[in-house]
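Reader: I am new to this structure. Please walk me through it in short questions and answers.

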Amino acid sequence: MASIKANARKVICIGRNYADHVKELNNVRPKQPFFFLKPPSSILPPNSGPVLRPKGVTLHYEVELAVIIGKEVRDLDANDEKGAMDAIDGYCLSIDMTGRNVQDEAKKKGLPWSIAKGFDTFLPISNYIPKALIADPHKVDLYLAVNGQLRQSDSTELMIFNIYRQLADISSVMTLAKGDMVLTGTPKGVGPVSVGDTMRAGIKVDGKELESIEVEVKEREGSYEFKET
């Protein structure tokens with residue numbers, strides 16, 4: 001799975017793409033897809049160690065379906081479903097870890113979210129899922145549990161903007177390259193995890209689990225400590 005990380009030139013994340021998640025964070029429902037970036041260095045392949053919580057950071061989980069791009073794409077038409085599907089190489093399950101207090105401060109001050117989303121280990125992923133195993137990426141069930149307690153459980157059919165529209169809007173701004181990852185949004189139920197907690201996330205199609213992630217949270221060593229900007 002190091003190849004997924006090695007081949008990802010960029011990780012593009014769709015924000016606020018499930019209506020109930022928009023509500024739970026008191027955000028405004030977007031009129032069109034919007035997105036932000038996570039650095040590939042944040043990717044945590046399977047069995048590569050724990051998620052590391054930086055000092056002073058309120059750490060939140062967000063389970064998501066990740067799309068892995070299979071070829072260069074630019075200016076894709078939102079109505080071109082075949083073109084979008086042809087551009088997809090495969091999928092994986094992901095957890096978009098977020099420093100919520102870091103993000104909240106950035107939002108209040110009109111600053112970028114890069115720090116809140118970009119720490120090393122802030123993107124645990126599953127093993128690669130071949131495209132053939134997911135006939136329709138809009139009929140996938142995602143779940144995440146913390147210490148055995150279910151926190152997120154919803155279907156990708158609840159997305160506000162489907163994957164075809166996501167890829168169209170992204171590729172109208174920046175060229176999608178082979179190996180790039182697109183995180184398609186998180187459903188309701190996001191929340192905090194603490195040092196010592198264990199997260200388990202899974203992805204199912206027609207009730208059959210395709211892949212899962214199990215990862216512990218530990219304290220991050222180093223000089224960083226959250227302070228007001």
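**Surface, size and sheet**

Author: The protein has an accessible surface of about 10500 Å² (Shrake-Rupley method, 1.4 Å probe). Carbon and sulfur atoms account for 47% of that surface. This is a predicted model: local features need pLDDT of at least 70, side-chain atom pairs count only at pLDDT 80 or more, and totals for chains, interfaces and linings use all residues. Residues are numbered from 1 along each chain as its sequence is written, and side-chain values use heavy atoms, with hydrogens and water left out.

Reader: What share of the 229 residues counts as buried?

Author: Buried means under 20% relative accessible area (1.4 Å probe, protein chains only). Of the 229 residues, the buried share is 53%.

Reader: How many helices and strands are there in the protein?

Author: Both are DSSP runs, numbered from the N terminus: helices (H or I) have at least four residues, strands (E) at least two. The protein has six helices and 16 strands.

Reader: What is the order of the strands in the open sheet?

Author: Two strands pair if DSSP finds at least two bridges between them. The open sheet holds six strands with mixed pairing, in the order S2-S1-S13-S6-S7-S10.

Reader: Which strands stand at the edges of the sheet?

Author: An edge strand here has a single partner strand, so one side of it is left without a neighbour in the sheet. The two are S2 (34–38) and S10 (129–130).

Reader: Which residue in S10 is the bridge partner of Gly90?

Author: S7 (residues 88–95) pairs with S10 in the antiparallel sense, over two bridges. In S10, the partner of Gly90 is Pro130.

Notes: Buried means under 20% relative accessible area, exposed over 50%, partly exposed in between (1.4 Å probe, protein chains only).
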